[in-house]
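Here is a short report on one chain. Its sequence and 3D structure come first, and the notes follow.

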Amino acid sequence: MQAVQVDRRQQLEQERDKLLRKLVLLREERTALAREDVREGGGQVDESADSATGTFELEKTTALDESARRRLYEVEDAIRRIELGTYGRCEQCGRPIDRERLKVLPQTKFCLECQLRWERNGKLRRLARVA
Ligand SMILES: [Zn+2]
């Protein structure tokens, strides 16, 4: 394995551990929020304002959880590609991905050019859906 890949692998594994810890924390937070909801629901006092805040917090942690999960998937996917020996190659055009780009974004599977094209298409699709 090339030295560069060893570096990227360490970086990715650290990122994976960080994300796993974050997901545990978020789950604890959600459990705590859910418990609060139950308590509020059973009470006689009108706490609708608090409850709305609780719902908002719950939605926020759920959104954070989803983005952490998505990122975790990308990171694990990149580690898998290192193991398979396909890491560092653009999945779209097959050209090697810029080294500096991999340093900043080790989980990426597209070269900058393909990424930009993909994002542009994604945006176009989203706009089309809205219209
Ligand atoms: Zn490409």
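## Leu 26 and its contacts

Setting aside neighbours within four places in sequence, Leu 26 is in contact with Thr 61, Leu 64, Asp 65 and Ala 68. Two residues are in contact if their C-beta atoms, placed from the backbone, lie within 7 Å. Leu 26 and Thr 61 sit 35 residues apart in sequence. Their C-alpha atoms are 6.2 Å apart in space.

Leu 26 belongs to helix α1. Leu 26 counts as partly exposed because 19 other C-beta atoms lie within 10 Å. The cut-offs are these: buried means 20 or more other C-beta atoms within 10 Å of the residue's own, exposed means 12 or fewer, and partly exposed is in between, with C-beta atoms placed from the backbone.

## Model and confidence

This is a predicted model, in which local features need pLDDT of at least 70, side-chain atom pairs count only at pLDDT 80 or more, and totals for chains, interfaces and linings use all residues. Residues are numbered from 1 along each chain as its sequence is written.

The chain averages a pLDDT (the predictor's confidence in each residue, from 0 to 100) of 87. A score of at least 70 is reached by 87% of the residues. Among the elements, helix α3 (residues 99–104) has the highest mean pLDDT, 94. Helix α4 (residues 112–130) has the lowest, 83.

## Overall build

The chain has four helices and zero strands. Its pattern along the sequence is α-α-α-α. Helices (H or I, at least four residues) and strands (E, at least two) are DSSP runs, numbered from the N terminus.

Of the 131 residues, 9% count as buried. Among contacts between residues at least 6 apart in sequence, 57% join residues at least 24 apart.

## The largest nonpolar core

Which residues form the largest nonpolar core? The five are Leu 12, Leu 19, Val 75, Ala 78 and Tyr 87. Helices α1 (3–42) and α2 (48–84) are the elements that give two or more residues to this core. A nonpolar core is a set of buried Ala, Val, Leu, Ile, Met, Phe, Trp, Tyr and Cys residues joined through C-beta atoms within 7 Å.

Val 75 is in contact with Leu 12, Glu 15, Arg 16, Leu 19 and Gln 107, leaving aside neighbours within four places in sequence.

## Gln 14

Gln 14 is also placed in helix α1. Is Gln 14 buried or exposed? Gln 14 is exposed, because it has 12 C-beta neighbours inside 10 Å. Gln 14 and Val 75 are 61 residues apart in sequence and 9.9 Å apart in space, C-alpha to C-alpha.
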